[in-house]
Amino acid sequence: MTRHTDVLIVGASVSGLSTAEALRRNGFDGKITLLGAEPHLPYDRPPLSKQILSGAWRPERTLLRPPRMLADLNLELLLGRPATGLDVASRTVHTAAGAITAETIVIATGSTPRTLPAPPGLRGLHVLRTLDDALALRDDLAVSGTVVVVGEGVLGAEIAATARQSGREVTMTGLLHAPMVTQLGDLAAGRLADLHTGNGVRLRLGVGVDGLTDRGGEVTGVTLASGETLPADLVVVAIGAVPVTDWLAGSGLTLENGVVCDAECRAAEGIYAVGDVARWHDLTADAAIRLENRTHAAEQAGVVAANITGAERPYRPVPYFWTDQYTTKIQVHGTITPDAEAVVVDGDPATDRFVIRYERAGTATAVLGWNMPKQARMQRQQLVDRQRPATPAHAP
């Protein structure tokens with residue numbers, strides 16, 4: 001059976017739902033179909049590594065919108081149906097339950113976690129991407145004593161903090177020399193390392209992972225390239241994610257670290273991509289980039305919805321993400337690069353309340369707030385000004 005819809009959004013997480021909501025706000029009254037691989041109503045992912053993993057929230061609190069508000073959007077929700085293929089010419093998406101054709105397709109399939117080689121079904125080994133992942137990890141965490149988190153990025157650091165606050169012995173390992181150093185720069189990453197060690201997390205950083213050890217089908221540890229084995233009865237792998245594009249193989253779309261799009265997030269005529277899966281041409285950087293964070297997904301969805309309804313707007317974001325670890329709240333506006341100079345412009349790192357501005361050749365490129373969100377937002381204006389296209393001079 002083949003269905004037909006006006007706009008088909010493939011992916012029912014924040015970027016997909018935000019696209020549908022923005023279309024309705026823009027006055028679009030056609031049929032919108034939201035196709036989701038998971039059986040759950042659209043939910044938020046940031047709480048998974050914190051409130052859900054700790055048990056502070058019940059799963060329903062992660063819902064992006066209650067069922068009543070979803071009903072008001074007048075969407076056709078098709079959940080638990082992964083897309084299996086795309087025909088670009090006819091704008092047809094295939095699923096195991098049948099095909100769906102559309103006037104416009106929005107690809108919002110997100111990303112999937114990288115993993116480590118392991119025997120099939122190894123107990124005690126986890127990744128964290130979905131609500132079901134978080135609930136399974138929470139159950140195992142409740143009966144585990146020793147946890148190793150493989151990965152020193154945002155997700156790995158948040159999981160380590162939550163596991164430590166749950167009373168577990170926690171070791172964080174990874175190739176880089178400090179937690180989140182690529183996202184925060186050396187100064188703030190050093191403070192984050194102190195925060196974790198001060199809370200009892202053992203850091204074994206700057207060394208690669210050779211593999212896992214197991215006994216009787218259960219994980220027992222992580223072997224490092226140095227030869228050391230970190231004992232564990234629970235291992236969480238948080239070494240990044242890859243965009244979900246396998247279902248697009250042979251579609252004719254350009255796939256290179258995501259779905260390659262133009263500045264308006266258009267991958268082909270009548271086909272757009274949004275969120276983690278989209279790699280679009282950023283006019284400010286004059287380069288193809290891909291971002292993985294919640295704020296970006298929602299903002300990009302607004303631009304895609306505007307373009308579907310005829311706006312032809314380029315997507316020019318000021319990247320933004322936040323992380324909460326222990327009682328510390330960190331916000332980053334812009335992009336921190338290794339060659340940027342870090343200047344403390346407010347507060348004092350010694351007091352755990354400060355703002356850092358990152359500069360390259362005298363130009364602000366990023367702002368970081370450490371327990372100072374309002375002050376960081378004030379500094380962000382300099383980055384917004386950089387994104388505005390220059391106004392062409394009028395001829396005399």
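Okay, let's start with a definition: a salt bridge here is a side-chain nitrogen of Lys or Arg within 4 Å of a carboxyl oxygen of Asp or Glu. With that rule, a search of the whole structure turns up 21 salt bridges.

Before I go on, some housekeeping. This is a predicted model, so local features need pLDDT of at least 70 and side-chain atom pairs count only at pLDDT 80 or more, while totals for chains, interfaces and linings use all residues. Residues are numbered from 1 along each chain as its sequence is written, and side-chain values use heavy atoms, with hydrogens and water left out.

When I say strand or helix, I mean DSSP runs numbered from the N terminus: E, at least two residues, for strands, and H or I, at least four, for helices. The cut-offs are under 20% for buried, over 50% for exposed and partly exposed in between, using a 1.4 Å probe and protein chains only.

Two other pairs: Arg45 bridges to Glu38 at 3.4 Å between the closest N and O atoms, and Arg290 meets Glu292 at 2.8 Å, N to O. There's also a network, where salt bridges that share partners join Asp262, Glu264, Arg266 and Glu312.

Let's go inside. A nonpolar core means a set of buried Ala, Val, Leu, Ile, Met, Phe, Trp, Tyr and Cys residues joined through side-chain atoms within 4.5 Å. The largest one has 49 residues, and Leu86, Val93, Ile105 and Ile107 have the most contacts inside it. Helix H7 (residues 294–308) gives the most to this core, with 6 residues. A second, separate core has 40 residues, including Ala160, Leu192, Ala366 and Trp370.

What does Ser15 touch, leaving aside neighbours within four places in sequence? Ser15, in helix H1 (residues 14–25), is in contact (heavy atoms within 4.5 Å) with Ala108, Val274, Gly275, Ala297 and Ala301. Ser15 counts as buried because its relative accessibility is 6%.

Last stop, helix H6, residues 181–198. Straight, its 18 residues would span 26 Å, but the end C-alpha atoms are only 18 Å apart; the expected span is 1.5 Å times one less than the number of residues. And where is the kink in H6 centred? On Leu187, at about 90°, the bend being the angle between axes fitted to the seven residues ending there and the seven starting there. Among the buried residues of H6 are Val181, Leu184, Ala188 and Leu192, and you've met Leu192 already, in the second core. Just after H6, Gly200 takes a positive phi of about 100°.
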